Amino acid sequence: MASAFLDSDSRLESRENTIKQAYIECEKITRSASTSFMRSFRYLDEERRKSVFALYAFCRRADDIVDGDWQPDLDLSYLDEKAENSSLQLSVDRQCEAHQSDDFVNRVRSLLWFHENLDLIEAGKEVFSPIFIALQDTIERFPVRIDDLRTLLEGMTDDLFPTEYRTFEDMRSYCFKVASTVGLSLIEIYGYTDPNAREHAEEMGIFLQMINVLRDIDEDLSRGRVYLPVEELLRFDISIEELSDPTLANTNRWQNFMRHYVHRAKTHRENAMRLLPLLDRKARKSPEMMCIVYGEILNEVERREGDVLSSRIRLGFMRKIRFALSALGIWSITA
(Lines give C-alpha, C1' and ligand atoms only; values in the text may rest on other atoms or scores of the structure.)
Protein backbone atom coordinates (compact mmCIF):
# COMPACT_ATOMS: atom_id res chain seq x y z
CA MET A 1 0.00 0.00 0.00
CA ALA A 2 2.81 2.39 0.89
CA SER A 3 4.41 1.62 -2.47
CA ALA A 4 1.19 2.57 -4.26
CA PHE A 5 1.14 5.93 -2.47
CA LEU A 6 4.78 6.50 -3.40
CA ASP A 7 4.07 5.66 -7.03
CA SER A 8 1.13 8.08 -7.00
CA ASP A 9 3.27 10.85 -5.48
CA SER A 10 6.00 10.15 -8.02
CA ARG A 11 3.58 10.39 -10.94
CA LEU A 12 2.15 13.63 -9.54
CA GLU A 13 5.62 15.11 -9.16
CA SER A 14 6.55 14.00 -12.69
CA ARG A 15 3.40 15.63 -14.10
CA GLU A 16 4.07 18.86 -12.22
CA ASN A 17 7.61 18.95 -13.58
CA THR A 18 6.33 18.32 -17.12
CA ILE A 19 3.86 21.18 -16.82
CA LYS A 20 6.53 23.46 -15.36
CA GLN A 21 8.88 22.73 -18.26
CA ALA A 22 6.05 23.27 -20.74
CA TYR A 23 5.41 26.75 -19.37
CA ILE A 24 9.13 27.52 -19.52
CA GLU A 25 9.13 26.54 -23.21
CA CYS A 26 6.13 28.80 -23.86
CA GLU A 27 7.91 31.68 -22.15
CA LYS A 28 10.97 31.11 -24.35
CA ILE A 29 8.78 31.26 -27.47
CA THR A 30 7.18 34.47 -26.23
CA ARG A 31 10.48 36.05 -25.25
CA SER A 32 12.15 35.25 -28.58
CA ALA A 33 9.19 36.51 -30.61
CA SER A 34 8.21 39.74 -28.89
CA THR A 35 10.07 41.67 -26.21
CA SER A 36 7.37 44.36 -26.20
CA PHE A 37 4.75 41.70 -25.52
CA MET A 38 6.84 40.43 -22.62
CA ARG A 39 7.05 43.91 -21.13
CA SER A 40 3.33 44.51 -21.36
CA PHE A 41 2.54 41.41 -19.30
CA ARG A 42 5.13 41.69 -16.56
CA TYR A 43 2.49 43.29 -14.30
CA LEU A 44 0.47 40.09 -14.06
CA ASP A 45 0.83 37.65 -11.17
CA GLU A 46 2.81 34.51 -11.95
CA GLU A 47 -0.16 32.21 -12.59
CA ARG A 48 -1.80 34.58 -15.06
CA ARG A 49 1.50 35.48 -16.70
CA LYS A 50 2.37 31.83 -17.35
CA SER A 51 -1.05 31.22 -18.85
CA VAL A 52 -0.68 34.26 -21.11
CA PHE A 53 2.63 32.82 -22.32
CA ALA A 54 0.89 29.51 -23.10
CA LEU A 55 -1.78 31.32 -25.10
CA TYR A 56 0.79 33.47 -26.89
CA ALA A 57 2.93 30.43 -27.79
CA PHE A 58 -0.14 28.73 -29.26
CA CYS A 59 -0.95 31.80 -31.37
CA ARG A 60 2.67 32.43 -32.34
CA ARG A 61 3.29 28.91 -33.59
CA ALA A 62 0.01 28.79 -35.51
CA ASP A 63 0.98 32.03 -37.24
CA ASP A 64 4.48 30.68 -37.91
CA ILE A 65 2.98 27.58 -39.53
CA VAL A 66 0.93 29.68 -41.94
CA ASP A 67 3.91 31.88 -42.84
CA GLY A 68 6.12 28.81 -43.35
CA ASP A 69 8.49 29.73 -40.51
CA TRP A 70 7.87 26.71 -38.25
CA GLN A 71 6.47 23.19 -38.31
CA PRO A 72 6.37 20.51 -35.61
CA ASP A 73 9.16 17.96 -35.94
CA LEU A 74 6.70 15.11 -36.33
CA ASP A 75 5.43 12.77 -39.03
CA LEU A 76 1.89 14.06 -39.51
CA SER A 77 1.04 12.09 -42.64
CA TYR A 78 -1.50 10.11 -40.59
CA LEU A 79 -3.66 13.25 -40.65
CA ASP A 80 -4.19 13.05 -44.42
CA GLU A 81 -7.21 10.78 -44.09
CA LYS A 82 -8.68 13.04 -41.42
CA ALA A 83 -8.08 16.04 -43.65
CA GLU A 84 -10.33 14.65 -46.36
CA ASN A 85 -13.41 15.27 -44.23
CA SER A 86 -12.28 18.43 -42.44
CA SER A 87 -13.43 21.99 -43.04
CA LEU A 88 -9.77 22.87 -43.60
CA GLN A 89 -9.51 20.40 -46.48
CA LEU A 90 -12.75 21.71 -47.96
CA SER A 91 -11.17 25.16 -47.91
CA VAL A 92 -8.09 23.76 -49.62
CA ASP A 93 -10.19 22.04 -52.27
CA ARG A 94 -11.82 25.33 -53.20
CA GLN A 95 -8.41 26.73 -54.11
CA CYS A 96 -6.42 25.96 -57.23
CA GLU A 97 -4.31 22.81 -57.30
CA ALA A 98 -1.18 24.90 -57.76
CA HIS A 99 -1.02 25.22 -53.99
CA GLN A 100 -0.53 21.51 -53.48
CA SER A 101 3.25 21.64 -52.94
CA ASP A 102 4.87 19.55 -50.22
CA ASP A 103 5.39 22.67 -48.14
CA PHE A 104 1.74 23.65 -48.47
CA VAL A 105 0.57 20.15 -47.54
CA ASN A 106 2.80 20.22 -44.47
CA ARG A 107 1.29 23.53 -43.38
CA VAL A 108 -2.20 22.05 -43.72
CA ARG A 109 -1.14 18.98 -41.73
CA SER A 110 0.36 21.17 -39.01
CA LEU A 111 -2.84 23.19 -38.62
CA LEU A 112 -4.84 19.96 -38.47
CA TRP A 113 -2.45 18.81 -35.73
CA PHE A 114 -3.32 21.97 -33.79
CA HIS A 115 -7.02 21.19 -34.21
CA GLU A 116 -6.39 17.60 -33.09
CA ASN A 117 -4.68 18.76 -29.90
CA LEU A 118 -7.56 21.10 -29.11
CA ASP A 119 -9.93 18.15 -29.54
CA LEU A 120 -7.81 16.10 -27.13
CA ILE A 121 -7.81 18.89 -24.56
CA GLU A 122 -11.58 19.28 -24.87
CA ALA A 123 -12.00 15.53 -24.34
CA GLY A 124 -9.76 15.62 -21.26
CA LYS A 125 -7.15 13.39 -22.89
CA GLU A 126 -3.39 13.58 -22.59
CA VAL A 127 -1.36 15.84 -24.89
CA PHE A 128 2.39 15.69 -25.34
CA SER A 129 3.65 18.88 -26.99
CA PRO A 130 4.84 21.53 -24.48
CA ILE A 131 2.57 24.19 -26.01
CA PHE A 132 -0.51 22.05 -25.56
CA ILE A 133 0.53 20.72 -22.15
CA ALA A 134 0.73 24.31 -20.91
CA LEU A 135 -2.46 25.28 -22.75
CA GLN A 136 -4.33 22.33 -21.25
CA ASP A 137 -3.22 23.35 -17.76
CA THR A 138 -4.26 26.95 -18.50
CA ILE A 139 -7.74 25.84 -19.61
CA GLU A 140 -8.05 23.83 -16.39
CA ARG A 141 -7.22 26.96 -14.39
CA PHE A 142 -9.14 29.57 -16.40
CA PRO A 143 -12.39 29.37 -18.47
CA VAL A 144 -10.70 29.93 -21.84
CA ARG A 145 -13.12 28.75 -24.53
CA ILE A 146 -11.70 26.17 -26.91
CA ASP A 147 -14.14 27.29 -29.62
CA ASP A 148 -12.48 30.73 -29.61
CA LEU A 149 -9.14 29.01 -30.28
CA ARG A 150 -10.70 26.99 -33.09
CA THR A 151 -12.02 30.20 -34.64
CA LEU A 152 -8.52 31.66 -34.40
CA LEU A 153 -7.18 28.70 -36.38
CA GLU A 154 -9.88 29.26 -39.01
CA GLY A 155 -8.57 32.80 -39.46
CA MET A 156 -5.02 31.49 -39.73
CA THR A 157 -6.23 29.05 -42.39
CA ASP A 158 -7.54 31.97 -44.46
CA ASP A 159 -3.96 33.23 -44.63
CA LEU A 160 -2.77 30.05 -46.34
CA PHE A 161 -4.15 31.47 -49.58
CA PRO A 162 -3.98 34.74 -51.49
CA THR A 163 -6.40 36.90 -49.57
CA GLU A 164 -8.71 39.69 -50.65
CA TYR A 165 -11.55 41.18 -48.62
CA ARG A 166 -14.33 43.06 -50.39
CA THR A 167 -15.96 45.14 -47.65
CA PHE A 168 -15.16 46.51 -44.23
CA GLU A 169 -17.49 43.89 -42.81
CA ASP A 170 -15.45 41.14 -44.51
CA MET A 171 -12.28 42.63 -43.07
CA ARG A 172 -13.93 42.94 -39.65
CA SER A 173 -14.83 39.24 -39.77
CA TYR A 174 -11.18 38.38 -40.42
CA CYS A 175 -10.04 40.68 -37.59
CA PHE A 176 -12.47 38.91 -35.27
CA LYS A 177 -11.05 35.52 -36.16
CA VAL A 178 -7.37 36.32 -35.72
CA ALA A 179 -7.45 39.01 -33.02
CA SER A 180 -10.77 39.26 -31.17
CA THR A 181 -10.55 35.56 -30.34
CA VAL A 182 -7.23 36.25 -28.62
CA GLY A 183 -8.76 39.09 -26.63
CA LEU A 184 -11.72 36.92 -25.66
CA SER A 185 -9.29 34.26 -24.43
CA LEU A 186 -7.09 36.74 -22.58
CA ILE A 187 -9.91 38.27 -20.55
CA GLU A 188 -10.77 34.83 -19.21
CA ILE A 189 -7.24 34.80 -17.78
CA TYR A 190 -7.43 38.43 -16.60
CA GLY A 191 -10.76 37.96 -14.86
CA TYR A 192 -14.01 39.96 -15.10
CA THR A 193 -17.58 39.86 -13.78
CA ASP A 194 -19.50 42.08 -16.21
CA PRO A 195 -20.52 40.02 -19.29
CA ASN A 196 -20.18 43.17 -21.42
CA ALA A 197 -16.42 42.67 -21.12
CA ARG A 198 -16.57 40.13 -23.94
CA GLU A 199 -18.17 42.62 -26.33
CA HIS A 200 -15.46 45.19 -25.62
CA ALA A 201 -12.70 42.56 -25.86
CA GLU A 202 -14.01 41.79 -29.34
CA GLU A 203 -13.75 45.49 -30.21
CA MET A 204 -10.22 45.60 -28.79
CA GLY A 205 -9.11 42.83 -31.12
CA ILE A 206 -10.61 44.53 -34.16
CA PHE A 207 -8.96 47.85 -33.27
CA LEU A 208 -5.51 46.28 -32.77
CA GLN A 209 -5.74 44.21 -35.96
CA MET A 210 -6.83 47.22 -38.03
CA ILE A 211 -3.60 48.91 -36.93
CA ASN A 212 -1.57 45.79 -37.73
CA VAL A 213 -3.03 45.85 -41.25
CA LEU A 214 -1.71 49.37 -41.75
CA ARG A 215 1.73 48.47 -40.46
CA ASP A 216 2.14 45.42 -42.71
CA ILE A 217 0.68 46.47 -46.06
CA ASP A 218 3.92 45.94 -48.00
CA GLU A 219 4.79 42.62 -46.33
CA ASP A 220 1.26 41.32 -46.82
CA LEU A 221 1.32 42.27 -50.50
CA SER A 222 4.49 40.21 -50.93
CA ARG A 223 2.55 37.21 -49.55
CA GLY A 224 -0.42 37.79 -51.85
CA ARG A 225 -2.62 39.19 -49.10
CA VAL A 226 -4.74 42.34 -49.25
CA TYR A 227 -6.62 43.07 -46.05
CA LEU A 228 -7.78 46.59 -46.90
CA PRO A 229 -11.39 46.32 -48.16
CA VAL A 230 -11.29 46.39 -51.95
CA GLU A 231 -14.72 47.97 -52.45
CA GLU A 232 -13.75 50.81 -50.12
CA LEU A 233 -10.50 51.34 -52.03
CA LEU A 234 -12.41 51.46 -55.31
CA ARG A 235 -14.83 53.93 -53.78
CA PHE A 236 -11.86 56.28 -53.46
CA ASP A 237 -10.61 55.33 -56.94
CA ILE A 238 -7.69 53.26 -55.64
CA SER A 239 -6.68 49.95 -57.27
CA ILE A 240 -4.95 47.09 -55.50
CA GLU A 241 -2.00 47.40 -57.88
CA GLU A 242 -1.36 50.95 -56.62
CA LEU A 243 -0.78 49.78 -53.03
CA SER A 244 2.80 48.84 -53.90
CA ASP A 245 3.49 52.38 -55.15
CA PRO A 246 4.69 54.59 -52.24
CA THR A 247 3.79 57.76 -54.17
CA LEU A 248 0.12 56.83 -53.75
CA ALA A 249 0.43 58.19 -50.21
CA ASN A 250 0.76 61.73 -51.59
CA THR A 251 -2.55 61.66 -53.43
CA ASN A 252 -5.86 63.05 -52.20
CA ARG A 253 -7.47 59.72 -53.03
CA TRP A 254 -5.32 57.83 -50.53
CA GLN A 255 -5.48 60.53 -47.87
CA ASN A 256 -9.27 60.59 -48.08
CA PHE A 257 -9.40 56.81 -47.82
CA MET A 258 -7.11 56.90 -44.79
CA ARG A 259 -9.24 59.50 -43.02
CA HIS A 260 -12.18 57.14 -43.52
CA TYR A 261 -10.15 54.16 -42.24
CA VAL A 262 -8.74 56.03 -39.22
CA HIS A 263 -12.24 57.20 -38.27
CA ARG A 264 -13.41 53.59 -38.18
CA ALA A 265 -10.36 52.51 -36.18
CA LYS A 266 -11.01 55.26 -33.63
CA THR A 267 -14.59 54.08 -33.23
CA HIS A 268 -13.36 50.57 -32.43
CA ARG A 269 -10.74 52.02 -30.06
CA GLU A 270 -13.40 53.99 -28.19
CA ASN A 271 -15.44 50.83 -27.71
CA ALA A 272 -12.34 48.85 -26.79
CA MET A 273 -11.36 51.29 -24.04
CA ARG A 274 -14.59 50.46 -22.22
CA LEU A 275 -13.08 47.04 -21.50
CA LEU A 276 -10.45 48.33 -19.07
CA PRO A 277 -12.65 49.20 -16.06
CA LEU A 278 -14.49 45.87 -16.43
CA LEU A 279 -11.35 43.79 -15.88
CA ASP A 280 -9.90 42.64 -12.59
CA ARG A 281 -8.00 45.67 -11.30
CA LYS A 282 -4.70 43.79 -11.05
CA ALA A 283 -4.88 42.77 -14.72
CA ARG A 284 -5.80 46.09 -16.35
CA LYS A 285 -2.27 47.35 -16.87
CA SER A 286 -1.40 44.98 -19.70
CA PRO A 287 -4.33 45.78 -22.04
CA GLU A 288 -3.99 49.45 -21.08
CA MET A 289 -0.39 49.43 -22.32
CA MET A 290 -1.48 47.79 -25.56
CA CYS A 291 -4.06 50.55 -26.05
CA ILE A 292 -1.43 53.21 -25.40
CA VAL A 293 1.03 51.75 -27.90
CA TYR A 294 -1.50 51.14 -30.66
CA GLY A 295 -3.22 54.44 -29.99
CA GLU A 296 0.10 56.21 -30.47
CA ILE A 297 0.64 54.31 -33.73
CA LEU A 298 -2.75 55.58 -34.89
CA ASN A 299 -1.73 59.10 -33.88
CA GLU A 300 1.46 58.68 -35.91
CA VAL A 301 -0.61 57.64 -38.93
CA GLU A 302 -2.56 60.87 -38.60
CA ARG A 303 0.61 62.93 -38.20
CA ARG A 304 1.84 61.40 -41.45
CA GLU A 305 -1.44 62.27 -43.13
CA GLY A 306 -2.07 58.59 -43.75
CA ASP A 307 1.31 57.79 -45.26
CA VAL A 308 1.88 54.15 -44.28
CA LEU A 309 3.21 53.26 -47.74
CA SER A 310 6.54 55.04 -48.13
CA SER A 311 7.97 53.65 -44.86
CA ARG A 312 6.85 51.37 -42.07
CA ILE A 313 5.50 53.05 -38.97
CA ARG A 314 8.13 53.22 -36.22
CA LEU A 315 7.85 55.11 -32.97
CA GLY A 316 10.66 57.36 -31.78
CA PHE A 317 12.53 57.37 -28.50
CA MET A 318 10.43 60.11 -26.86
CA ARG A 319 7.20 58.29 -27.60
CA LYS A 320 8.61 55.12 -26.07
CA ILE A 321 9.42 57.17 -22.98
CA ARG A 322 5.78 58.22 -22.93
CA PHE A 323 4.74 54.56 -22.85
CA ALA A 324 7.04 53.94 -19.88
CA LEU A 325 5.57 56.93 -18.04
CA SER A 326 2.06 55.73 -18.83
CA ALA A 327 2.89 52.31 -17.42
CA LEU A 328 4.03 53.95 -14.20
CA GLY A 329 0.86 56.00 -14.00
CA ILE A 330 2.77 59.27 -14.45
CA TRP A 331 1.25 60.02 -17.86
CA SER A 332 -2.45 59.59 -18.41
CA ILE A 333 -3.57 57.33 -21.26
CA THR A 334 -5.68 60.24 -22.50
CA ALA A 335 -2.85 62.81 -22.35
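Predicted model: local features only at pLDDT ≥ 70, side-chain atom pairs only at ≥ 80, totals over all residues.
Residues are numbered from 1 along each chain as its sequence is written, and side-chain values use heavy atoms, with hydrogens and water left out.

The chain contains 15 helices and two strands, taken as DSSP runs numbered from the N terminus (helices H or I, at least four residues; strands E, at least two). Of its 335 residues, 49% are buried, that is, under 20% relative accessible area with a 1.4 Å probe, protein chains only. Among contacts (heavy atoms within 4.5 Å) with a separation of 6 or more, 73% join residues 24 or more positions apart.

A nonpolar core is a set of buried Ala, Val, Leu, Ile, Met, Phe, Trp, Tyr and Cys residues joined through side-chain atoms within 4.5 Å. The largest one comprises 93 residues, and Phe58, Phe132, Leu228, Trp254, Phe257 and Tyr261 have the most contacts inside it. Helix H9 (residues 168-190) contributes the most to this core, namely eleven residues. Beyond its neighbours within four places in sequence, tyrosine 261 contacts Phe168, Met171, Met210, Val213, Leu214 and Leu228.

Threonine 138 lies in helix H7 (residues 130-141). This threonine counts as buried because its relative accessibility is 2%. Leaving out residues up to four places away in sequence, threonine 138 touches Tyr23, Ser51, Ala54, Val144 and Ile189.

Terms used: Buried < 20%, exposed > 50% of the residue type's maximum accessible area, 1.4 Å probe, protein only.
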